[in-house]
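The sequence and structure come first.

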Amino acid sequence: MTPFLLGYFLGSLPVAYWFGALRGKDLLKEGSGNPGALNAFRVLGPFPGLLVLLLDLFKGVLAVAVGEGVSGSPLGGLLGGVGAVWGHAFSPWLLFRGGKALAPGAGVLLAVDPRLLLWALALFALLAALSRRPYRAVFAVALAMPLLAAMLGKTAAHLLFGLGVGLPVAFRHLKDWNR
């Protein structure tokens with residue numbers, strides 16, 4: 001199995017949705033209708049929300065590690081990470097619905113290179129402070145991800161990695177443009 005498909009499978013596991021189901025809640029219908037960590041915080045409370053956040057982060061880290069392990073190269077880790085973000089955003093378990101992919105995306109960035117995560121967080125903080133629109137700031141950082149990744153790796157693979165991670169996040173944040 002390719003690193004991308006393994007990462008996609010890991011990322012597609014709808015942890016927040018399953019936590020909600022255990023508590024008798026359907027996160028696709030309650031709160032923001034998003035099966036992600038933030039909605040889990042809102043609907044299920046802080047402890048389940050924190051567990052979902054940590055597990056979603058771990059999905060991203062694990063996908064990079066598994067991708068590298070299976071392929072024997074860092075390129076496999078990049079592909080596994082991209083797969084995890086796409087899997088979270090478009091989960092086959094939820095009929096290709098999914099979360100906004102921020103937590104697994106952060107896990108992927110942390111596993112690939114922590115500096116990449118720090119740069120993304122710094123850019124988000126700056127743009128959110130300037131615009132006072134956090135969802136627009138996330139959208140902008142997602143679109144800037146190819147440049148951030150290319151600055152770090154200085155290879156075409158890193159540029160494509162940034163594109164692969166940024167596109168699903170940007171797409172999932174389009175509907176929140178006015179927030």
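Predicted model: local features only at pLDDT ≥ 70, side-chain atom pairs only at ≥ 80, totals over all residues.

Helix H4 (residues 46-71) and helix H6 (residues 102-112) have axes that come within 7 Å and cross at roughly 45°. Residues are numbered from 1 along each chain as its sequence is written, and side-chain values use heavy atoms, with hydrogens and water left out.

**Helix packing**
- H4 passes H6 in a right-handed crossing.
- On the H4 side, the contact (heavy atoms within 4.5 Å) includes Leu53, Asp56 and Val64.
- On the H6 side, Ala103, Val108 and Leu110 are among the residues in contact.
- By class, this contact of H4 with H6 has eleven nonpolar, two polar and one charged residues.

**Burial of H1**
- Seven of the ten residues of helix H1 (residues 3-12) are buried (under 20% relative accessible area, with exposed over 50%, partly exposed in between, 1.4 Å probe, protein chains only).
- Among them are Leu6, Tyr8 and Leu10.
- Their cover includes H4 and helix H5 (74-89).

**Salt bridges**
- The structure holds three salt bridges (a side-chain nitrogen of Lys or Arg within 4 Å of a carboxyl oxygen of Asp or Glu).
- Lys59 pairs with Asp56, closest N and O atoms 3.3 Å apart. Lys59 is buried at 6% relative accessibility, and Asp56 is buried at 1%.
- Asp113 and Arg115 meet at 2.6 Å, N to O.
- Asp26 pairs with Lys29 at 4.0 Å. Lys29 is exposed, at 70%.

Technical notes
Axes fitted to C-alpha atoms, helices over the stretch in contact; angles between N-to-C directions. Helix = DSSP H or I, 4+ residues; strand = E, 2+ residues; numbered from the N terminus. Left-handed = near helix turned anticlockwise from the far one by under 90°. Nonpolar A, V, L, I, M, F, W, Y, C, P; charged D, E, K, R; others polar.
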